[in-house]
Amino acid sequence: KAMPVKEIKPPEPLLSPEDVANLRAEVRAATEIAAVSKYHTKSVEDENKILRTKLETLTERHDRLEELVQLLLKEVSALSKQGVEPAAVPVPVPVPVPVPVP
């Protein structure tokens with residue numbers, strides 16, 4: 001026996017056209033925010049790299065200065081053992097040299 005043909009209605013849309021437009025706008029805004037934050041993250045990483053390089057340079061200079069101070073102390077010690085007293089001369093304070101930005 002043949003079944004009666006039932007009329008099939010298309011399903012109701014789950015979202016109204018306004019809802020779809022709003023969601024698209026939200027996705028667009030979120031995408032823009034993500035792009036901006038990615039850009040800022042990149043610039044912060046670049047800045048960190050520059051600062052790390054500066055820190056390494058300063059650390060190397062500091063280590064070198066430590067070596068020079070040790071050498072000077074040995075020299076002074078050797079001279080005083082020979083009876084040479086260091087003169088009371090004011091030592092000029094060196095002017096800080098700006099670190100070049102790579």
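Colleague: Which side chain is joined to that of E67 by a polar contact of 2.8 Å?

Modeller: This model is predicted: local features need pLDDT of at least 70, side-chain atom pairs count only at pLDDT 80 or more, and totals for chains, interfaces and linings use all residues. Residues are numbered from 1 along each chain as its sequence is written, and side-chain values use heavy atoms, with hydrogens and water left out. A polar contact is a pair of N or O atoms within 3.5 Å (within protein, one able to donate a hydrogen and the other to accept it; residues adjacent in sequence count only if both atoms are side-chain atoms). At 2.8 Å, the partner of E67 is R64.

Colleague: What else do E67 and R64 form, with their closest N and O atoms 2.8 Å apart?

Modeller: Side chains of opposite charge can pair when their charged atoms come close. The name is used when a side-chain nitrogen of Lys or Arg is within 4 Å of a carboxyl oxygen of Asp or Glu. At 2.8 Å, E67 and R64 form a salt bridge.

Colleague: Are E67 and R64 buried, partly exposed or exposed?

Modeller: Buried means under 20% relative accessible area and exposed over 50%, with partly exposed in between (1.4 Å probe, protein chains only). E67 has 45%, and R64 has 44%. Because both values fall in the middle range, E67 and R64 count as partly exposed.

Colleague: How many salt bridges does the structure hold?

Modeller: Besides E67 with R64, the side chains of K42 and D46 meet in one, at 3.0 Å from N to O. K42 and D46 both lie in helix α1, four residues apart, about one turn of the helix. K42 is partly exposed at 47%, as is D46 at 31%. The number of salt bridges in the structure is two.

Colleague: How far apart are the end C-alpha atoms of α1?

Modeller: The expected span is 1.5 Å times one less than the number of residues. The helix has 65 residues, so α1 should span 96 Å. The model agrees with this, as the end C-alpha atoms are apart by 95 Å.

Colleague: Which residue takes a positive phi just after α1?

Modeller: The helix runs over residues 17–81. Just after α1, a phi of about 90 degrees is taken by G83.

Colleague: What share of the 102 residues is buried?

Modeller: L23, also found in helix α1, is partly exposed at 42% relative accessibility. Across the 102 residues of the protein, the buried share is 0%.

Key
Helices (H or I, at least four residues) and strands (E, at least two) are DSSP runs, numbered from the N terminus.
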